[in-house]
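Look at the sequence and the model first, then read on.

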Protein chains: 2
Amino acid sequence: MAKIKSTNKATKKEVIAIKAASLFKAKGFNATSMRELADLVGVEASSLYNHIGSKSELLHSICFKIANEFTVHLAQVENSNGNSVKKLQDIISFHIRIMLKKFDEVFVANHEWKHLQEPYLSNFLNQRRSYEKRLIAIVSEGIKNKEIINGEPPIIIFTILSAVRGLELWHRSKKNISEQNLEEGMITQLTTGFIK
Amino acid sequence: MAKIKSTNKATKKEVIAIKAASLFKAKGFNATSMRELADLVGVEASSLYNHIGSKSELLHSICFKIANEFTVHLAQVENSNGNSVKKLQDIISFHIRIMLKKFDEVFVANHEWKHLQEPYLSNFLNQRRSYEKRLIAIVSEGIKNKEIINGEPPIIIFTILSAVRGLELWHRSKKNISEQNLEEGMITQLTTGFIK
DNA sequence: AAAGAAAACTAATAAACGTTAGTTTTGCAT
DNA sequence: ATGCAAAACTAACGTTTATTAGTTTTCTTT
């Protein structure tokens, strides 16, 4: 049936994309060759093209898949009825969890997007800017409601985003500390600092 | 005289390295060709090799130059006599300032180091791990002295490092807020959080 | 002015790259 | 079993890459 076949194909395409993500993360987009990817998949390089359109397509399917997950989650948070602090904690928590769960893909979306081709590049950056603006709006609301200290909302947001996006540092030495502890620790520090 | 000549050569080499950093930052190490770099310098590609050994050499001179600046500063902080909180604030402040001052090179050291060749790669990573451990030691001391909340020192350090390393986000939209504000805002948030 | 070194140039090389074309194998539906 | 589409293969392509060799120009020193 056409349906099953297309499902299978989508699945195979996804497998390739996930293996591509692990290579793109480890070596970077440009330093990853289609022959290496093919090796990892267990196939000749040219055979990949039965399932994908191009190397670039792999990159942008990874980037937009992740970008969309963040966008969808943000919409949920915006429609929830917690206060601003609760919303920000929710977002931080989501960032940490998705980073730990889909590390390769999130890493690629965070670090290899610059190799996207137009118009995907502009598209991606617009989506990101919009995401940041909506986070800033949450902070501004929190300040208005006296839940958040009266600082510059962009600084607060960029600090949070930098911290959670840089979580790759963490991945290197995650042996000693549980995800649970990590999540709690980061939220605590970003919300209340480290001073006693 | 030999001395002047070698000084001139070092200068020219540095100029090339700085221009290389701006390209490596914008396009990534692998996506930057020696022909592009030569264009930027105003010379043919092969002429670059009168001043540098190889493309790889450019990358590792950038990475280690920056790594050494951080190492030297850390040693100064360790030998200073402030308390742990003061030391950490000092380090955060240094990260922000050097990021703003030598943005391209710091960015490259933070994001393109994976393209270093051995043994420079191992060397670089060792230096980084050592840097992180020494920061963790400062936090541990602060906890012992009841200056810092009783959390996991690695989480505190990784959160701080992620936040300051991710400062590139900032660079995109630095129009509205001064460096002074940025530095104060980040230090405030990382030390005391954003909750009122 | 002459000499010598430093740094530019042109030209070429060998390797690696993404991708296409054409062919053969595989696996499911009749 | 037969037929057909999906997906594998081999081979090759045109580019682009970093780098080297050899030559000429430019600059500095005597």
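## Around the DNA strands

The surface near DNA strand D has four nonpolar, eight polar and five charged residues. Keep in mind that this is a predicted model. In total, 17 residues surround DNA strand D. The closest are E44(A), S46(A), N50(A), H51(A) and Y49(B). Which parts of DNA strand D come within 4 Å of the protein? Of those atoms, 56% belong to sugar or phosphate, and the rest belong to bases.

In N50(A), a side-chain N or O atom is 2.7 Å from a base nitrogen of DNA strand D. H51(A) places a polar side-chain atom 2.6 Å from a phosphate oxygen of DNA strand D. From the other chain, an N or O atom in the side chain of Y49(B) is 2.5 Å from a phosphate oxygen of DNA strand D.

Sugar and phosphate make up 55% of the atoms of DNA strand C that come within 4 Å of the protein. By class, the residues of this surface divide into three nonpolar, eight polar and four charged.

Polar contacts to DNA strand C involve bases and phosphates. The side chain of R35(A) has an N or O atom 3.0 Å from a base nitrogen of DNA strand C. K55(A) reaches a phosphate oxygen of DNA strand C with a polar side-chain atom at 2.9 Å. For H51(B), a polar side-chain atom lies 3.4 Å from a phosphate oxygen of DNA strand C.

## Two copies of the chain

How is chain B superposed on chain A? A rotation of 180 degrees does it, with 0.0 Å of shift along the axis. The RMSD is 0.0 Å. The two copies are therefore related as by a two-fold rotation axis. The same surface serves both copies, as 98% of the contact residues of chain B recur in chain A.

## Salt bridges

Side chains of opposite charge can pair when their charged atoms come close. How many salt bridges does a search of the whole structure find over all chains? The search finds 16. Three of these pairs are listed below.

| Pair | N to O distance |
|---|---|
| R97(A) and E183(A) | 3.2 Å |
| R165(A) and E132(A) | 3.9 Å |
| R134(B) and E78(B) | 2.8 Å |

Take R97(A) and E183(A), whose side chains meet in a salt bridge. The pair links distant parts of chain A, 86 residues apart. R97(A) sits in helix α4 (residues 84-101), and E183(A) sits in helix α9 (residues 179-192).

Next comes the salt bridge between R165(A) and E132(A). R165(A) lies in helix α7 (residues 153-165) of chain A and E132(A) in helix α6 (residues 120-144) of chain A, so the pair ties together parts that are 33 residues apart in sequence. Both R165(A) and E132(A) are buried.

The last pair in the table belongs to chain B. R134(B) and E78(B) meet through their side chains in a salt bridge. R134(B) is in helix α6 (residues 120-144) of chain B, and E78(B) is in helix α3 (residues 55-79) of chain B. The pair links distant parts of the chain, 56 residues apart. R134(B) is partly exposed, with a relative accessible area of 26%. E78(B) also counts as partly exposed, at 30% relative accessibility.

## Buried places in chain B

S84(B) lies in helix α4 (residues 84-101) of chain B. Its relative accessibility is 2%, so S84(B) counts as buried. What does S84(B) contact, leaving aside its neighbours within four places in sequence? The contacts are I138(B), E141(B), G142(B), E147(B) and I148(B).

Helix α5 (residues 103-111) of chain B is mostly covered. Eight of its nine residues are buried. The buried residues in α5(B) are F103(B), E105(B), V106(B), F107(B), V108(B), A109(B), N110(B) and H111(B).

Technical notes. Residues numbered from 1 in each chain as written. Chains lettered and ligands numbered in written order. Predicted model: local features only at pLDDT ≥ 70, side-chain atom pairs only at ≥ 80, totals over all residues. Heavy atoms only, no water. Least-squares fit on C-alpha atoms with pLDDT ≥ 70 in both. Contact = heavy atoms within 4.5 Å. Near = heavy atom within 4 Å. Polar contact = N/O pair within 3.5 Å; in protein donor to acceptor, adjacent residues only side chain to side chain. Nonpolar A, V, L, I, M, F, W, Y, C, P; charged D, E, K, R; others polar. Salt bridge = Lys/Arg side-chain N within 4 Å of Asp/Glu carboxyl O. Helix = DSSP H or I, 4+ residues; strand = E, 2+ residues; numbered from the N terminus. Buried < 20%, exposed > 50% of the residue type's maximum accessible area, 1.4 Å probe, protein only.
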